[in-house]
Amino acid sequence: RRRRLAVLGQEGQRHVRGWNNMEDALSALDQVLASASPLDTDLLATIVRVACICIDERSPTENLGQGLKWVRVALSLEPRDPHALLLEARALDRLDQRFATASPQRLGLAIARLKEVIRSGVEPYCAEARALLHQATASELLPSDSLRARHLRRLKEFVANEQAAVQRKGDSPIKEMKGMTLKGLGLKGEDGEVSVLEALAKLRAGEGIPLTKPKAKKLEAFLRLVDDRPEPPSRAFLDEYAASRRSLGCLSLVSWNAKMLNVTDQRDEDWLAAAAEKARNIGARASAPDVQADLVCIQEAPGPQLAARGGAGAREAVSKAVLPNTLRACMQECAGAAAGPARQYHCVCVDVHCLVRDPMHPAGVDEGEQHVFCYDAHALRLVRPPYELPPSAADRAAGSGFHRAPALCEFEVRKPESSLCGARLLVATVHLKSGGEEPTVAEVAALARALRDHVDATVFRGVEDPPLAAEGGEATEGGEAAEGGEAAEGGEAAE
């Protein structure tokens with residue numbers, strides 16, 4: 001077995017050497033997955049190669065979160081592969097160095113992985129594992145930023161004897177935990193006889209205090225720090241990646257009515273939090289593996305009405321662009337953690353005005369909104385930022401127009417895998433007046449005439465019968481759009 005692992009290690013070295021580019025590594029993985037029955041050794045070496053590039057601090061495509069997921073796919077194929085074990089320890093160590101305050105990592109597992117690499121006897125992995133572990137250094141002489149030193153220092157926050165906790169792990173008795181008793185946890189028994197694992201099992205079964213209480217969270221944090229049991233093997237991330245590659249030639253467009261147009265939609269003090277929460281919910285769904293949106297179009301985002309008539313909270317939500325900024329950040333974060341091609345999201349916005357006159361506002365009041373276009377720059381190139389689409393020449397001559405003007409944005413498709421690569425993509429979104437009745441029908445007809453004029457004038461410049469296709473979105477109130485239907489109340493995008 002050791003000889004076979006050594007061969008795998010050498011194979012991985014050959015593959016990684018000179019293959020420091022993520023695009024090449026993923027292309028190799030695609031070829032292995034496309035073969036009729038890929039050998040586990042080929043698949044393992046290729047996945048380790050991808051993980052190595054993700055975790056390499058010198059790589060421009062460094063992504064520790066993704067690298068850790070790839071490593072765990074590799075370990076599901078070969079649980080004792082020394083290179084994969086080393087990479088898992090390195091990823092955990094570096095994630096902890098960067099994000100220890102917000103997301104402390106499983107340092108006990110990282111140390112156990114390095115010890116396993118050393119036991120394998122496979123070089124050059126053993127030498128690197130010994131260096132990371134400072135195997136020959138006494139604990140009191142360890143560099144302060146080393147893996148073992150950080151592990152012991154953090155253990156001191158939980159127990160008086162950290163060396164004993166390293167040995168006992170979850171079997172450490174409750175009495176060794178600082179400021180912790182079974183009585184304080186709402187449990188019965190002797191503090192010296194019940195372990196951390198046993199106490200947590202009882203809390204998770206509903207006994208004692210809720211898991212949301214600080215003392216319960218402290219037990220879970222201690223167990224996460226010392227537990228060296230590996231994560232359950234899973235190939236789910238590889239399956240997610242394979243699904244994303246199958247859809248590379250497609251364009252995914254999501255349309256959403258945010259319903260944040262009116263000053264009455266939220267209490268003024270809730271606007272900032274509500275806009276951010278709405279954006280995170282939309283972003284997480286649009287970035288999900290079964291969607292992987294290239295473009296998200298949003299109607300009824302906070303805009304002119306709130307800026308003109310809202311309170312301080314509503315105006316701040318508009319001036320700070322809370323919804324588009326949070327949406328972009330959320331989609332970028334979700335994309336960074338997901339399998340699939342790299343993405344770079346950008347947001348562009350346009351105010352869509354709607355002047356309404358009534359007895360209370362004879363001069364008119366702007367009941368407008370903002371439309372948001374959040375797009376992946378790897379899939380689409382912005383050709384022209386969004387703007388209000390004017391009515392057709394015939395409608396302007398007749399003195400008619402839109403109740404709510406559509407917003408039009410122009411892109412060029414950049415996906416090399418798509419048959420549309422290089423094509424101009426025009427996307428018009430509209431917040432329709434009402435659902436399914438004559439005003440809606442009239443608005444959709446006016447939109448079709450305006451788009452026909454626009455395409456004829458700016459794209460085909462007089463070509464007879466240009467191939468313009470418009471697709472409406474069928475939507476329920478406040479819902480998402482689906483291609484190929486009539487728009488109902490709260491209706492969405494026409495393309």
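**Notebook: cysteines, rings, strands and one loop**

Buried here means under 20% relative accessible area, exposed means over 50%, and partly exposed lies in between, with a 1.4 Å probe and protein chains only. I note that this is a predicted model, in which local features need pLDDT of at least 70 and side-chain atom pairs count only at pLDDT 80 or more, while totals for chains, interfaces and linings use all residues. Residues are numbered from 1 along each chain as its sequence is written, and side-chain values use heavy atoms, with hydrogens and water left out.

**Cysteines**

I then counted disulfides (pairs of cysteine sulfur atoms within 2.5 Å) and found zero in the structure. Cys-374 is in none either; the nearest cysteine sulfur, that of Cys-347, is 3.5 Å away. Cys-374 is also buried, with 0% relative accessibility.

**Aromatic rings**

I looked for pairs among the rings of Phe, Tyr and Trp (its six-membered ring), with centres within 6.5 Å; planes under 30 degrees apart are stacked, over 60 edge-to-face, and the rest tilted. The structure has four aromatic pairs. One of them is Phe-158 with Phe-222, a tilted pair at 5.9 Å between centres and 55° between planes. This pair links distant parts of the chain, 64 residues apart: Phe-158 is in the loop between α8 (147–155) and α9 (162–168), and Phe-222 is in helix α11 (residues 214–226). I took helices (H or I, at least four residues) and strands (E, at least two) as DSSP runs, numbered from the N terminus. Phe-158 is buried at 9% relative accessibility, and Phe-222 is buried at 0%. I also noted one aromatic cluster formed by Trp-70, Phe-237 and Tyr-241.

For a charge over a ring, I required NZ of Lys or CZ of Arg within 6 Å of the ring centre and within 35 degrees of the ring normal. The charged end of Arg-384 sits over the Tyr-387 ring, 3.6 Å from its centre.

**Strands**

I counted two strands as paired if DSSP finds at least two bridges between them. Strand β2 (residues 295–301) is largely enclosed by the rest of the structure, because seven of its seven residues are buried. Five bridges join β2 to strand β1 (residues 253–257), running parallel, and Asn-257 stands opposite Gln-299 in β2. The chain gets from β1 to β2 through helix α13 (residues 271–286), a right-handed β-α-β crossover. Right-handed means that, with the strands pointing away from the viewer, the path from the first strand over the helix to the second runs clockwise. Five bridges also join β2 to strand β6 (residues 369–376), here antiparallel, and Ala-301 stands opposite Gln-370 in β6.

Strand β8 (residues 407–413) is joined to β9 by six bridges and runs antiparallel to it. Ala-407 stands opposite Thr-429 in β9. Five of the six residues of β9 (residues 424–429) are buried, so this strand is largely enclosed by the rest of the structure.

I ended with Ser-392, in the loop between β7 (380–388) and α17 (393–397). Is Ser-392 buried or exposed? At 2% relative accessibility, Ser-392 is buried. Its C-alpha atom is 6.0 Å from that of Asp-453, which is 61 residues apart from Ser-392 along the chain.
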